[in-house]
Amino acid sequence: MRNVVIYVMAGLSGFIVMSFELLGGRMLAPWFGSGTYVWGSVITIFMAALAIGYLLGGRLSLHSPSLSRYAALFILAALLLAPLVTYADRLLEWTFNLIEDERYGSLLAATFLFAPGTVLLGMISPYSVRLLVEDTHRSGAVAGVLYFVSTLGSALGTLLTSFYFVLWFEMNTIVIALAATLAVLALLGVIADRVT
Amino acid sequence: MMMRCAALTLLLLAFPPLATTKTLHSERSLYQNVLVIERMGEICLQFTVRVDVRNQTCMKVNQPREMVFTYTKMMMASLLLIDDPTSVLVIGLGGGTLPMAIQELFPGATIDAVEIDPAVVRVAERFFHFKPGPNMSVFTQDARVFGKRAARQNKRYDLILLDAYNGEYIPEHLMTAEYLQETLALLTPGGIIAANTFAISRLYDHESATYEHVFGTFLNFRQPDSANRVVFASNQPFRTEEFQRHRATLLDPRLRPYAVQLARYAGRLDGREDWTRGAEVLTDQFSPANQLNR
């Protein structure tokens with residue numbers, strides 16, 4: 001039961017990362033266009049932020065790991081994502097005025113807007129491994145299932161966002177929904193921690 | 001025998017078989033496949049390799065000035081709604097037909113031409129006689145970025161020709177209410193925006209709703225022999241039919257090399273409202289233009 005909750009949380013966090021990344025590109029478009037370099041900036045920042053997140057998440061898992069602390073990562077990520085709907089445009093305007101070159105302008109904007117939340121989301125994967133692995137013998141198998149679940153989540157997040165969500169909802173609505181989902185997952189984690 | 005062979009060859013050269021298509025140039029740019037073909041005395045620019053795809057621009061080899069497509073002529077009808085322009089912004093280059101015509105007709109006007117794809121600029125220069133004069137600047141830049149920068153430099157235009165949607169893929173951030181507002185803000189008082197857009201699919205209703213939202217009233221110009229429509233918008237009431245006829249009389253002699261007859265359009269720029277009301281306005285928050293265009 002506890003493990004199922006962790007897999008669900010990790011899978012949905014994978015979903016949210018890629019949904020967020022797709023929306024990220026669309027957030028930059030009014031200011032920096034939608035060309036290759038804008039997507040280059042977005043992907044670069046997401047990858048770099050995830051990399052840092054993996055490192056920090058692994059570190060954090062060394063100190064009294066628990067499902068509640070794991071849940072705290074989700075709440076923090078939600079708190080970093082949700083306010084984007086209020087300040088993203090002002091921040092984009094600021095970077096647009098600051099930097100003339102669209103490549104570096106979009107890179108800087110993407111750093112400010114997407115890096116903090118994505119670092120938090122990156123921390124989830126190694127922390128999940130720590131919570132799921134009971135003996136070293138099975139650690140590879142556990143990591144395999146975890147990657148499977150979270151990367152499949154990412155694939156679904158990309159597909160649903162680009163094919164359907166942008167057709168059905170406003171962008172800010174989707175961002176809020178992603179943040180709300182993270183909050184609900186955190187709650188789920190806390191409850192699972194209490195019960196088990 | 002020899003002579004006869006030569007004669008035949010000459011004959012073939014003079015009258016090539018009708019449907020022969022020759023590929024003059026083909027390149028995969030950062031944004032699209034750029035293809036230049038020659039067929040039946042016309043050189044055409046295409047943005048994909050599929051055969052059934054509409055040509056982007058065509059030019060007659062013998063009369064390079066002549067405008068081949070109806071929508072290009074429809075765009076020229078914007079000249080009925082203003083005095084001779086002194087500053088013009090052209091968004092989307094294609095073969096450069098529109099900016100070249102404007103440059104030749106109004107040599108004193110400053111022209112800014114914006115095209116995102118450097119390959120298109122090169123092809124226009126090499127195959128379509130596109131030669132920017134001293135008053136024309138070409139910006140290889142995203143149109144939205146260009147517009148925002150232009151606003152900050154207080155640039156203003158009497159005429160804005162928006163021709164950025166090529167039918168294959170719509171730059172969605174160029175079809176939102178916010179973008180149209182930004183473009184409207186670049187107009188001088190009484191200036192005109194002419195936008196060449198689609199007249200098909202679900203997108204039509206959404207686009208129309210968006211134009212109405214931003215411009216209030218606009219002229220919805222359609223022609224029976226074109227699948228496109230051209231939308232005219234301004235920040236002031238449109239000029240009278242009388243003014244338009246006066247402009248046509250003035251301009252038509254000069255427009256003869258382009259095969260444009262504005263007298264046919266004068267006073268007839270407003271088509272009936274032929275879209276379904278109530279479609280959602282396209283915004284930066286909601287802009288699935290490509291999904292709606294399927």
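Residues are numbered from 1 along each chain as its sequence is written, while chains are lettered from A and ligands numbered from 1 in the order in which they are written. As the model is predicted, local features need pLDDT of at least 70 and side-chain atom pairs count only at pLDDT 80 or more, whereas totals for chains, interfaces and linings use all residues.

Q: What radius of gyration does chain B have, against the value for a compact globule of 294 residues?
A: The radius of gyration is taken over C-alpha atoms, and the globule rule is 2.2 Å times the number of residues to the power 0.38. For 294 residues a compact globule would have a value near 19 Å, with which chain B agrees. The C-alpha atoms fill a box of roughly 75 × 45 × 40 Å along the principal axes. The radius of gyration of chain B is 20 Å.

Q: How many helices and strands does chain B have?
A: Helices (H or I, at least four residues) and strands (E, at least two) are DSSP runs, numbered from the N terminus. On that basis, the secondary structure of chain B comes to nine helices and 11 strands.

Q: In which order do the four strands of the open sheet in chain B lie?
A: Two strands pair if DSSP finds at least two bridges between them. The edge strands, each pairing on one side only, are β1 (21-28) and β4 (57-60) of chain B. The order is β1-β2-β3-β4.

Q: Which residue stands opposite B:Lys22 in β2(B)?
A: β1(B) and β2(B) form a hairpin with four residues between them. For B:Lys22, the residue opposite in β2(B) is B:Glu38.

Q: How many of the eight residues of β1(B) are buried?
A: A residue is buried if 20 or more other C-beta atoms, placed from the backbone, lie within 10 Å of its own, exposed if 12 or fewer, and partly exposed in between. Over chain B, buried residues make up 44% of the 294 residues. β1(B), by contrast, is hardly covered, and its count of buried residues is zero.

Q: Why does A:Ala186 count as buried?
A: A:Ala186 lies in helix α7 (residues 171-195) of chain A. Two residues are in contact if their C-beta atoms lie within 7 Å; not counting residues up to four places away in sequence, A:Ala186 touches A:Ala71, A:Phe74, A:Ile75 and A:Ala78. A:Ala78 is 108 residues away in sequence, yet 9.3 Å away in space, C-alpha to C-alpha. A:Ala186 counts as buried because its C-beta neighbours inside 10 Å number 21.

Q: At roughly what angle do the axes of α1 and α6 of chain A cross?
A: Axes are lines fitted to C-alpha atoms, for helices over the stretch in contact, and angles run from 0 to 180 degrees between N-to-C directions. The axes of helix α1 (residues 2-32) and helix α6 (residues 139-168) of chain A come within 7 Å. They cross at roughly 35°.

Q: Which helix of chain B gives the most to the side that touches chain A?
A: In the interface, 14 residues of chain B are in contact with 14 residues of chain A. The helix that gives the most to the chain B side, with three residues, is α5 (residues 143-152).
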